[in-house]
Amino acid sequence: MKLLKITLSVFFLFCFGFANAQDDLMNELNATKSDKKEISSAAFKGLQVANMQSTKLPQQGEFYFLVSHRFGDLTNGLNNFYGLDNAYTKFGGIYGATNWLSIGLSRHTYQKTYELAAKYKFANQLDGGFPVTIVGYNTMDIRTDLKTDLYPDLRASDRYAYTTQLIVSRKFNNSLSVEINPILVHKNLYDELTDQKDTYLLGTGARCKISKRLSINLDYAARLNLPEGYNNFYHNPLTLGLDIETGGHVFQLVLSNSQTMNDVAYYTSATGISGGKQIFFGFNMYRVF
């Protein structure tokens, strides 16, 4: 009996000592873990805020199939069947070459345009560390609606237009994310009455989560270098969106003052909302493979 008491005493002392040692080890591990800065979850769930690009990229090896529609002027009513009679379509694919680089190709109804795109990440927002995510984005448009029989002096380079963008986002909490986006649009061929060779813009975007699978998004870009006396036929682009997360893809419903979807045209050819007209409804759908 005495031996049993001694054995139990030694056992409990050993357990108590082991428990204390384990607690000390866990405290050290937690302290070590807390020193390591974790990458914040994505500020935006979709690759686009609404029309504007977000700082989200595909993961390496992911392929996104994209289909977008922008219907005609919603305010024309039955005259164009609420925009269904003259919709623009965009379809394409985006591939995650690495975790920091994606490449894309899409085709647009507007001007029969092919758009090449590259998106690349410079920095991630870190929990308790670096405050923002920084992403670069470039596009090259190739117009194929221009014909040499109508434009005998047409050169191959006249078909090309470009955008360069630097997107900086911050996720403040699980409900609110914002971004700013300096933009340069360059066109080799342009109409001097309503357009210009180089357009500088400052874009902004925001996402407000309203439920587990829904968020309201907004993006806007202000043109900065319009010359004095410029024929302001076009307006600053503005789009309101609703993100719907549905498992394998994000579905976005949008209302915009621009019917075009390729970046060059979106940033320079928004017809605006005047007299209650020129409101375009549409959607973006991404399917991940």
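**Reading two residues in a predicted model**

Biologist: Is Asp 158 buried or exposed?

Modeller: Use the cut-off: buried means under 20% relative accessible area. Asp 158 has 9%, so it counts as buried.

Biologist: Which residues does Asp 158 touch, leaving out those up to four places away in sequence?

Modeller: Leu 146, Asp 153, Asn 188 and Leu 189. Take Leu 189. Asp 158 and Leu 189 are 31 residues apart in sequence, yet their C-alpha atoms are 5.2 Å apart in space.

Biologist: Now Ser 256. What is its place?

Modeller: Strand S11, residues 249-256. Ser 256 has a relative accessible area of 2%, so it is buried too.

Biologist: What lies 3.0 Å from a polar atom of the Ser 256 side chain?

Modeller: The backbone nitrogen of Ser 258.

Biologist: And which residues does Ser 256 touch, again not counting those up to four places away?

Modeller: Asn 51, Leu 238, Thr 239, Tyr 266, Gln 278, Ile 279 and Phe 280.

Biologist: What is the mean pLDDT of the protein?

Modeller: The mean is 84, and 84% of residues reach 70 or more.

Biologist: Where does pLDDT stay under 50?

Modeller: Over residues 1-26. The model has zero contacts beyond four places in sequence for them. Where pLDDT is low, predicted coordinates should not be read in detail.

Methods. Residues are numbered from 1 along each chain as its sequence is written. This is a predicted model: local features need pLDDT of at least 70, side-chain atom pairs count only at pLDDT 80 or more; totals for chains, interfaces and linings use all residues. Side-chain values use heavy atoms; hydrogens and water are left out. Helices (H or I, at least four residues) and strands (E, at least two) are DSSP runs, numbered from the N terminus. Buried means under 20% relative accessible area, exposed over 50%, partly exposed in between (1.4 Å probe, protein chains only). A polar contact is a pair of N or O atoms within 3.5 Å; within protein, one must be able to donate a hydrogen and the other to accept it, and residues adjacent in sequence count only if both atoms are side-chain atoms. Contact means heavy atoms within 4.5 Å. pLDDT is the predictor's confidence in each residue, from 0 to 100.
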